[in-house]
Amino acid sequence: MGKKRKASSTAPLVAPPMTSRRVARQVTSKFHKLTSDLATSTSSAARAELARELEGMGGRARYQEASALSTSLYSTSKWVLKVLRRRGVVGGGGAAPRLLEVGAINTQLLDAPGVETRAIDLRSTHERVERVDFLDLAPAGAWDVVVCALVLNCVPSPRARGRAVANLAAHLKPAGLCFVVLPLTCLERSSKTTPGAFDAALAAAGLRELERRATPKLLHLCLERSDAPDPRPAAPAAG
């Protein structure tokens, strides 16, 4: 009889499709931690190891797959469109609003009727989502709506997060609407900010809260660009 061949312990070249929401949550949590550690590490050896670990877990592409699965039960896009219809921004008989989606992980808003959408992402893996860094996009106050779902928590440094929040307002027309979604843990368990400090940062950027919705894991905010100055000092954005 011939010798039995040992089963290969080599990992597959391509990760299998993700079907477990529990695994998806683990992937997104690990991605956030690794990118945060990478941004704050001062050791070149540690940074190299973190980069290897990110690459080993599938990097941004695997994170996007996990994010899409994690949000499949609750669609941010459906919530955004529901609010826009209720407020008469969509379906009110006027021109279709111009919408900028930051950090798009699917094409739901690109495909939605009644809105004119541009979808961007820093490391897009979808041919219809433009590969653009939001921080490199010059604000021109040209958009009726800006959607920023589960993006601010991925921006690694407090300075960059503060800039991103300011840009959300600067990209909007006066009285334009901004939709922000964040994991509650980024505010309630953060060593860098508090819920009150984040609210103050939004107000200082010129974003006035209109609606707030909280699920067990996520905070959803609908904000309006207000040109009235806020007397409170700027505070660190969520981290």
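These notebook entries record what I looked up in a predicted model of one protein chain.

**Entry 1. Ground rules**

I number residues from 1 along each chain as its sequence is written, and my side-chain values use heavy atoms, with hydrogens and water left out. As the model is predicted, local features need pLDDT of at least 70 and side-chain atom pairs count only at pLDDT 80 or more, while totals for chains, interfaces and linings use all residues.

**Entry 2. Overall inventory**

I found eight helices and seven strands in the protein chain. These are DSSP runs numbered from the N terminus, helices being H or I of at least four residues and strands E of at least two. Of the 239 residues, 43% are buried; buried means under 20% relative accessible area, exposed over 50% and partly exposed in between, with a 1.4 Å probe and protein chains only. I also looked up contacts, defined as heavy atoms within 4.5 Å. Among contacts with a separation of 6 or more, 67% join residues 24 or more positions apart.

**Entry 3. The sheet**

In what order do the seven strands stand in the open sheet? I read the order as 3-2-1-4-5-7-6, with mixed pairing. Two strands pair if DSSP finds at least two bridges between them. Strand 3 and strand 6 stand at the edges with a single partner strand each, so one side of each lacks a neighbour in the sheet.

I then went through individual pairs. Strand 1 (residues 98-102) and strand 2 (residues 116-121) run parallel and are joined by five bridges; Leu100 has Arg118 of strand 2 as its bridge partner. Strand 2 also runs parallel to strand 3 (residues 130-131), with two bridges between them, and here Asp121 stands opposite Arg131.

Glu209 stands opposite Leu223 of strand 7, and Arg213 has His220 of strand 7 as its bridge partner.

I noted that helix 4 (residues 76-86) lies across strand 1, strand 4, strand 5, strand 6 and strand 7. Helix 4 runs at about 145° to strand 5; axes are lines fitted to C-alpha atoms, for helices over the stretch in contact, and angles run from 0 to 180 degrees between N-to-C directions.

**Entry 4. Nonpolar cores**

A nonpolar core is a set of buried Ala, Val, Leu, Ile, Met, Phe, Trp, Tyr and Cys residues joined through side-chain atoms within 4.5 Å. Which residues have the most contacts inside the largest core? In this core of 30 residues, they are Leu100, Leu152, Leu168, Val180, Phe198 and Leu207. Strand 1, strand 4 (143-149), helix 6, strand 5, helix 8 and strand 7 each supply at least two of its residues. Helix 6 gives the largest share, five residues. I found a second, separate core of 18 residues that includes Ala112, Val147, Phe179 and Val181.

**Entry 5. Helix 8**

In helix 8 (residues 195-204), I found Ala197, Phe198, Ala200, Ala201, Leu202 and Ala203 buried. What covers them includes helix 6 (158-170), strand 5 (172-183), helix 7 (185-188), strand 6 (207-214) and strand 7 (218-225). Just after helix 8, Gly206 takes a positive phi of about 95°.

**Entry 6. Cysteines**

I searched for disulfides, pairs of cysteine sulfur atoms within 2.5 Å, and the count comes to zero. Cys148 is in no disulfide, and its nearest cysteine sulfur, that of Cys178, is 6.5 Å away. Cys148 is buried, with a relative accessible area of 1%.

**Entry 7. Two single residues**

Ser124 is in the loop between strand 2 and strand 3. Is Ser124 buried or exposed? Ser124 counts as buried because its relative accessibility is 6%. Its side chain reaches the backbone oxygen of His126 at 3.1 Å.

Lys30 is in helix 1 (residues 21-40). At 37% relative accessibility, Lys30 counts as partly exposed. Leaving aside residues up to four places away in sequence, Lys30 touches Glu53 and Met57. Lys30 and Met57 are 27 residues apart along the chain, and their C-alpha atoms are separated by 9.0 Å.

Methods: Polar contact = N/O pair within 3.5 Å; in protein donor to acceptor, adjacent residues only side chain to side chain.
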